[in-house]
Each structure stands twice: as structure tokens, then as C-alpha cells.
Amino acid sequence: LAAMRGVKAEGGWGVVCTEEVEIHPTSDIAPCIEGRIWDDHDVAGHRLMTEAVHAHGALAGIELTHAGIDAANHYSHLTPMGPRSEGVLGDSGFEPQQTRAMTRRDFADVRRWHRKAALRARDAGYDIIYCYAAHGLTLPMQLLSRRHNDRTDQYGGSLANRVRFLRELIEDTRDAVGDDCAVAVRLAVDELLGDEGITHDGEGREILGMLAALPDLCDVNVSDWSNDSATSRFAAEGHQEPYISFVKSLTTKPVVGVGRYTSPDAMVSAVRRGVLDLIGAARPSIADPHLPRKIREGRAASIRECIGCNICVATDPKGLPIRCTQNPTMGEEWRRGWHPERIAVRRSSARVMVVGAGPAGLEAARALGQRGHEVQLLDAQPEVGGRVNRESLLPGLAAWRRVVDWRRWEIGALRDVEVFPASPMDAADVLESGVRNVIMATGATWRRDGRGRSTGTAVAGFDHDHVRTPDDLLDDLESGQWRLPEGEVVLYDDDHYVMGGLLAELIAGRGHAVTLITPAPLASYWTQFTLEQARIEARLRSLGVRIVPRTTLQRISSGHVRTAGVISAEQGEWAADSVVLVADRQPRIEVHDALLPALENGLLDSLTLVGDADAPGLIAQAVFSGHRAARQFGEQVDPDAVEFLREG
């Protein structure tokens, strides 16, 4: 974390903040990755971060948090507590435990813990200390909310009483560290729940009016996290502005806000229009830690813009280091010593052929060229981009095209990288070129037999003429010729990320009746981790898509399909004029395998598989794979050694 945040400070961000930092063991939200400043033991670790940030002239901010009903305390094994006794949310949202209703002593304890945490944060070198009420998953916000706070004492009832605890935290923090540090408050001014929650034109405005004079900085957003960090598929750049634009009229203090601002024009516009004084950026700073420096140096075209996919978010509930589709060095600054802008220069000159210009091939060619190697990048299609070009045609995924656009731009500035589209290559073509180092980034295709993780077998009847794969439908989008006949469509999703839901949305949007069948408990199950699942399902239902969970596809026949329940094995039958199978993918490795004898016979010096050709997965993994291959090319790599530093 210190290395990662030091890179951001180096990149020109004026303030580099932590994530939420737990103030006490009663606010333990493990396994989610959050900071801790429980006691003096934690100060040294935080000092590493502040020193890394200060080394580049930036300020360091810490977001002190008590999670209330969101803290299941799995690690600390302490009793959860909140405004009232109610079910704990925790990382699953359905923990089989309740909080205890906080007593007056509990409130005094939390205030004392928060004060001590603020003092530790000051001693660790932080410049800005946050009192955090940004999401419904924090205790101050829970007390503000009538949905969670039905107390009848001084902390419940009237809005003034519900605001009392947050006011006390701000006042306590100012008293403890206000002479040495700025005190900020982060507040969600709208929960996007209408009359059931806090709204920007109702209690959100009143709350801010009550508190506006107390902090040195107002940091405002919407709640909950899925709204605050909505994906680009469901929310445009600056989407929070309608909810936060009133804030500057109520305070003379600086106002910062977020909204996945990725372009300098949008940032400047927000400031000039009086919406914000300062631009907050979590995901954009992950995609490009050096974004501000590039603006300052007049290199806006080189900004690696966030695509809003939330792969960064997906690691948090899994307890894993952060990762990013656009920036393969994110989370690897210390572990692997990777820097987003710098890369080791080649040890010796070499010519490299990269076959396949999808996300893995583009990144491999770009990074190899940055290292100074002579690179030929070839692709069979008339336009580079591979799967990204095709998938970005799907509803709401236009921003994903940035994965290709940024790399194409950067490659264009590299003298020794040549790009050859419309250049299909077989093994003989590769050998005839005389290039002795080859990276195969030939991607993958969706399986036609419907074999997936749930049963591991092909779906009987997959070879019927009315069966389609995602590739067939993407071909139609590219060509502009929609070939799916009218009638009932059954889409079987055993992939569980975005593709199944997107195709169901696409097909339903073109007037077809769609039944989505999946072995998972929910449609597009894995998108829970990217904060999208509820929105995806709501959109599908609004389009009339029938969702059949916990069900496997057994047999495809003319005019119908047969299914079986995952739990009961109950048989079912569904009308189907067309069937779309979204399951596993098949790596394209034919050319690679044909070249293996040449490698064994010394006709090639190296032959490497990357991206989906190595193992189909997320675009983020393909980009990482291509980058890693470029970093390791020409280096001595011990295959038996762990290639990254380990903590502890």
C-alpha cells in the first residue's frame, strides 16, 4: 500500500487518501481489504504510507471508520453493535447474527476510540483526518438513516438527534488534532432510495447545513457503494453531479466529490461550473496513477482512462490485492517492483513477433516497444483490438474500447513497433519471417457445445442449426446483419460474468422473448463483486427476460429445450426457437502447437502463449499476461521461484 500510494503521489495527485480505516476491533469487516489503526501497533505501517506520499510533495489523508452493522467481526470475534439490534450485513449481506443496540457507554467508547485513532493518525504523519459517513455501511450514516435508527434517546428521533453523533466525532477530532491536521467529513447526501432514504433535496441538504461550518473540507457523494462506484455500463462520467451540486451553496469550505472523472475537460468543467473545488478520483487514479502529471505536462492524450469495469472493486471482498483492467501494474508496485510509467530497458536487442492484437497482444507489443525491442504486431482482422472491439459493441460497454485506444495511441509513438492488421499467420508464415522470438496472443472462441463448469459435459443437441454462440451474435453486431430469427430464445449462461446478461439484454432489446437459464443462484452471478448484479437483473426483468436460476441445460431439441434443477434435478421444458450457449471458451493454440517442434529444434529462441490463448479469462487478466510476458522477455526467470515479494 505504501508503494502503491507513493506512485500516486509521484503522479501528481495533491492528496492521496487511504481506504476506510477501522478504528477498533469492533469494526472488523474482514475479509474485505480495509486499513486498520486499532492501536499503536498499527502506527508504523501507516507511517510507511505517509512517508511514501510526502516524499513526492503530496498530502496524506486517512478515512477513519466504524462500520456498525456492517462489521461482522469475524476476525476479532467481538460483539457487533449498531443503532439498534438488527441483522448484521457483513461481507455477504446475510450474516446469521445481529448487532446489539448501542448503549450510552458504547457511544462514549466509539467517540474515545475515534479520538485515539485520530491521534495515532496524526503521529503517523497524516495531514487530513476524515470523519467518515460516506456510505450506509458506516455507523454515522446508519445513525442518520431512519431505516436503521429508531432510537428514542438523544441519538434518535429528530434529525438534530440523528446528526448528533457525527457532529460529536467532528468536534472531538478537531479538538484532538485540529491544530496539526485538517479535519474532513465525507458524507453521502443522497441514498438514491427516494422517500425511504436521505435525499439531496431533503435531509441530505439539512444535514450538510447543520455541519457545514465544522470541518475544513467537505467530501460528498451518494450511497451506497454500488451507487457511488457504479460501472460505466450504468452510470456516465460525472453521474453524481445532480445530487451534489448544491453543496457549495451551503459552505465556504472546499468541496471535493467523485464521479469517475477520467477526462481533464470533465474535471475542469465541474470546477468552472461551481460544482466542486477539488476532483476526487479513486478508480481513475487506479487506471492511471500519473493522470495529474500528464495533464500538467500537456500529455492528456496519454492518460490511461478508467473503463469503469470495477475489476478493482472485485478484489476487495475477496481479501486480495487490487488489480485493474487498464493498468496491469496496479497492486504490483512493491510485490513485483512494477511502475506504471517506467519499465526496464532491454538487456540486449531482439526482434519479437506478436501474433494477435487483442488486449494481451497489444499490451505485450506496447511494453516490449517501451523496453526498446523491435516488434512486429500482426492480427488476422482488418482492425486491431480483438475481443475488446467486439465486446465494446454490447449495450453499455463503449468505454471498454479505451483498452484498445490507449494502447494503439502509445504504440503509434514507438519507433520500433510495426503493426500489420489483416495479416493472418500460420506456422509456416512465422518461420518464413525469420523472427526467432514469438508471442502468441491469438485469443479464444466460445465453445459451440455448451460445455461449462457446472456439468463439465457438452449439451446434447448442441449441433442443431438453431444454436448460437456469443461469437455468432458478435459477428452479427460487427456486420450489422442480425440473423437471429424471430421467436422464443433460450440463453444458457454458464459463464456467470457479463456476457450472458449482456446478450440477453441485446436480444430482448431487439424484440425477442428471452428466457435466461443459469446454474447459478442469480443471473450474471459473479457481477456481485463488481457491484452490478442487482442492476443487471433489474434491467433484464424490465425488458421481460424470464430468469430461471439453479438450472442446467440438458438437451436441445427442435422447438424446445430440456432442463434439470441443480438441487432437486427436477426436469423442465422450455420453448426455444433459438438457443444461445454462453459457457466455456476454447483457446486458439493451433499455430502455437504447430510451432513447438521448431522451438524444440532450435529454429525459434522463444515461444510464449499469453492472454486468452493461454487461459481464457477477464480482459484484465489478458492485459496482465501480455505485460508480464514483456517484462520477463530476455530476463532470467527461475520457474521454481516465487516471482514477487511476500509480506510478513
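In which sense do strand E3 (residues 59-65) and E6 pair, and over how many bridges? The two strands pair in the parallel sense, over four bridges. Strands count as paired if DSSP finds at least two bridges between them. Helices (H or I, at least four residues) and strands (E, at least two) are DSSP runs, numbered from the N terminus. The model is predicted: local features need pLDDT of at least 70, side-chain atom pairs count only at pLDDT 80 or more, and totals for chains, interfaces and linings use all residues. Residues are numbered from 1 along each chain as its sequence is written, and side-chain values use heavy atoms, with hydrogens and water left out.

Strands of a sheet pair through backbone hydrogen bonds, either parallel or antiparallel.

Strand E6 spans residues 128-133, and six of its six residues are buried, so the strand is largely enclosed by the rest of the structure. Buried means under 20% relative accessible area, exposed over 50%, and partly exposed in between (1.4 Å probe, protein chains only). Both faces of E6 are covered. Ile 128, Tyr 130 and Tyr 132 are buried on one side. Ile 129, Cys 131 and Ala 133 are buried on the other.

These pairings belong to an open sheet of eight strands, in the order E2-E1-E3-E6-E7-E8-E9-E10, with parallel pairing. Strand E2 (35-36) and strand E10 (278-279) stand at the edges, each with a single partner strand, so one side of each is left without a neighbour in the sheet. E2 runs parallel to strand E1 (residues 15-22), and two bridges join them. Val 21 stands opposite Gly 35 in E2. Helix H3 (residues 104-124) packs on the sheet and touches E3 and E6. Contact means heavy atoms within 4.5 Å. The direction of H3 makes about 150° with that of E6. Axes are lines fitted to C-alpha atoms, for helices over the stretch in contact, and angles run from 0 to 180 degrees between N-to-C directions.

The cysteines were examined next. A disulfide is a pair of cysteine sulfur atoms within 2.5 Å. By this rule the count is zero. The sulfur of Cys 32 lies 14 Å from the closest cysteine sulfur, in Cys 312, which is too far for a bond. Cys 32 is buried, at a relative accessible area of 18%. Cys 312 is likewise in no disulfide; its nearest cysteine sulfur, that of Cys 306, is 6.5 Å away. Cys 312 is buried too, at 13%.

Several loops carry backbone features. Ala 30 and Pro 31 are joined by a cis peptide bond, with omega about 15°. Pro 31 lies in the loop between E1 and E2. The peptide bond from Ser 223 to Asp 224 is also cis, with omega near -5°. Asp 224 sits in the loop between strand E8 (217-222) and helix H7 (225-228).

Positive phi values occur in residues other than glycine. Ala 422 has phi near 50°. Ala 422 lies in the loop between strand E13 (417-420) and helix H16 (427-433). Ser 524, not a glycine, has a positive phi of about 50°. The loop holding Ser 524 runs between strand E18 (513-517) and helix H19 (533-542). Ser 524 counts as buried, at 0% relative accessibility.
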